[in-house]
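Subject: Handover of a structure and the findings on it

Dear colleague,

Please find the structure below, together with its sequence.

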2 protein chains.
Amino acid sequence: MILTVTLNTALDLTYRVPELVPHASHRVDEVTERPGGKGLNVARVLTALGHESVVTGFAGGRTGAVLRELLAPLAPVDALVPVAGSTRRTIAVVDAATGDTTQLNEPGPQITAAEWEAFLTAYEPLLRQADAVALCGSLPPGVPVGAYADLVRRARAAGVPVLLDTSGEPLRRGLAARPDLIKPNADELARLTGSREPLRAARDARRRGAHAVVASLGPEGLVAVTPDGTWQATPPSPVRGNPTGAGDSAVAALLSSLVENLPWPSRLTRAVALSAATVLAPVAGEFDAGAYEALLPQVRVESLPA
Amino acid sequence: MILTVTLNTALDLTYRVPELVPHASHRVDEVTERPGGKGLNVARVLTALGHESVVTGFAGGRTGAVLRELLAPLAPVDALVPVAGSTRRTIAVVDAATGDTTQLNEPGPQITAAEWEAFLTAYEPLLRQADAVALCGSLPPGVPVGAYADLVRRARAAGVPVLLDTSGEPLRRGLAARPDLIKPNADELARLTGSREPLRAARDARRRGAHAVVASLGPEGLVAVTPDGTWQATPPSPVRGNPTGAGDSAVAALLSSLVENLPWPSRLTRAVALSAATVLAPVAGEFDAGAYEALLPQVRVESLPA
């Protein structure tokens, strides 16, 4: 099975309004509620790709109870650790006419030192059953900023390949523990390295500790800097739609193809096709299976000089 | 006791953000949760004024459970009727720098015919114990648009003074049942009567069925058209601050002073002072008790020709 860690899970609400106007009052036409947080999204895509997945992290309060209730009928196995604080809500306000989205993210529950210890105790046996692990998203208040470095080290000690998908200081610290793979987007990479040139920034990120760096370039695909080579993977044409969840789909593609021992060009092909099929899907965070199958043979992977 | 009816109760969330920018992502700095809906706000102010209050209406789902949990330690008595659907959330997004607020209101649960009947069954014995009743806010989906007309008629049949505070078609229909008092603001009055001249519009609204009309004019105070006379009541100077809840405070002032058998000028003085003290309070919907006491002797009430 593939383990995904989401320390700051979320109850994701989507509000559809005609148009968001600051300082006005809006009647919400449609409300949807989903269990969320990057690792939960990754796990859902993994199960759609035929992999067993287990989700861990924290859940608490009434919002945590709703999240677990919504997760229960889905395929990923719930190994979330209960906490006293309340799981955060995130609200995506979608303008009905254009599909443009305004995002409001609560900060998340305060995690105590005892709760963090309880998580570490739960993490170890889960790791021992895992073929790979993904560490996903922001840290809730109270979790040490070096948390991901600790979780990366434990995965490496257990011999489990580890992907780190976060940003800012948790990414910077996590890199030092030498994760197998990071998947920053261009903004995250620029914040980490100071360079807005993706290939150069990805090489720099690799020097900082990641064994491999797959940088997402939005509609233009991915660049990968790995011990086996450097590649650029591009979709047949730039894809327009709702990019929510495209990064999580790329993580699921990279993890599943890693576990399947595919060569890098195949991993990148899957990641680009699955991201594009997620952007094309009408529901944010889902992927269009037909588009995915159709895109797979059309992704172009080009080897670049090291 | 004073009964307040809130058919579309709400779990009111307030999100503080640095500044709301459409189509951007925001980290919410501060989240507060309150039991809400106009009638619940009115009841809280009534208890602060020393009156017993009972709240009824609908509550359901996880959000309804949270609402009742937050209501339990407060003074108003919970006589809410359970429903299968979920109580709506409302989200007030406050720009930290300016205090400007963007409002997102979920529509509310679908109410079945059986649930509406259950409400009517609960309403009758509550009415018989009430010294006055306030019917507050919007109707959730499924409640007949003539609901307030029905509730006004039942109150009048029971000999209980009834205040109707709603807008649009529910107000138009409710008026025909001859409520003792309505408290529209200038916009609601204009929509009802087609006139933006408040005194003229208030007189027109009275002809449509209300025994008395108190129209709120925002920072300029109130005009009242009643069987006993016509008055304008103004604060000593226009008040700046957060107007959220000022209308609910005015309703509580009018109801409490009606039950206390105060003459109209005293009722209007209380309503203006309490509204202004609500605008001045740092927390939306609370009132500043010191400001209220200080404002009371400063409100000017002027008798106008009928």
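The contact between the two chains takes 30 residues from chain A and 30 residues from chain B, where contact means heavy atoms within 4.5 Å. Please note that this is a predicted model, in which local features need pLDDT of at least 70, side-chain atom pairs count only at pLDDT 80 or more, and totals for chains, interfaces and linings use all residues. Residues are numbered from 1 along each chain as its sequence is written, chains are lettered from A and ligands numbered from 1 in the order in which they are written, and side-chain values use heavy atoms, with hydrogens and water left out.

The interface

About 2,700 Å² is buried between chain A and chain B, and carbon and sulfur atoms give 54% of that area. Buried area is the accessible area (1.4 Å probe) that two parts lose on being put together, summed over both. On the side of chain A, the residues that lose the most area to chain B are A:His23, A:Arg62 and A:Leu104, together 24% of what that side buries.

The rule finds 18 residue pairs in polar contact across the interface of chain A and chain B, both residues at pLDDT 80 or more. A polar contact is a pair of N or O atoms within 3.5 Å; within protein, one must be able to donate a hydrogen and the other to accept it, and residues adjacent in sequence count only if both atoms are side-chain atoms. E9(A) gives the most to the side of chain A that touches chain B, with 5 residues. Strands and helices are DSSP runs, numbered from the N terminus (helices: H or I, at least four residues; strands: E, at least two).

Salt bridges

Side chains of opposite charge can pair when their charged atoms come close. A salt bridge is counted for a side-chain nitrogen of Lys or Arg within 4 Å of a carboxyl oxygen of Asp or Glu. Over all chains the structure holds 28 salt bridges, and 4 are found across the interface of chain A and chain B. A:Arg89 and B:Glu33 form a salt bridge through their side chains (3.0 Å, N to O).

Within chain A, the side chains of A:Asp180 and A:Arg156 form another (3.8 Å, N to O). This pair links distant parts of the chain, 24 residues apart: A:Asp180 is in the loop between helix H5 (168-175) and strand E12 (181-182), and A:Arg156 is in helix H4 (residues 147-157).

The sheets

An open sheet of 5 strands has the order E3(A)-E9(B)-E8(B)-E2(B)-E4(B), with mixed pairing; two strands pair if DSSP finds at least two bridges between them. Strand E3 (25-27) of chain A and strand E4 (30-36) of chain B stand at the edges with a single partner strand each, so one side of each is left without a neighbour in the sheet. The twist averages 15° from one strand to the next. Angles run from 0 to 180 degrees between N-to-C directions, and axes are lines fitted to C-alpha atoms, for helices over the stretch in contact.

E3(A) and strand E9 (residues 101-105) of chain B run parallel and are joined by 3 bridges. Helix H2 (residues 61-71) of chain B lies across E2, E4 and E8 of chain B, at about 85° to E4(B).

Another open sheet of 5 strands runs E4(A)-E2(A)-E8(A)-E9(A)-E3(B), also with mixed pairing. Its edge strands are E4 of chain A and E3 (25-27) of chain B. E2(A) and E8(A) pair in the parallel sense over 8 bridges, and A:Tyr15 stands opposite A:Val93 in E8(A).

Yours sincerely
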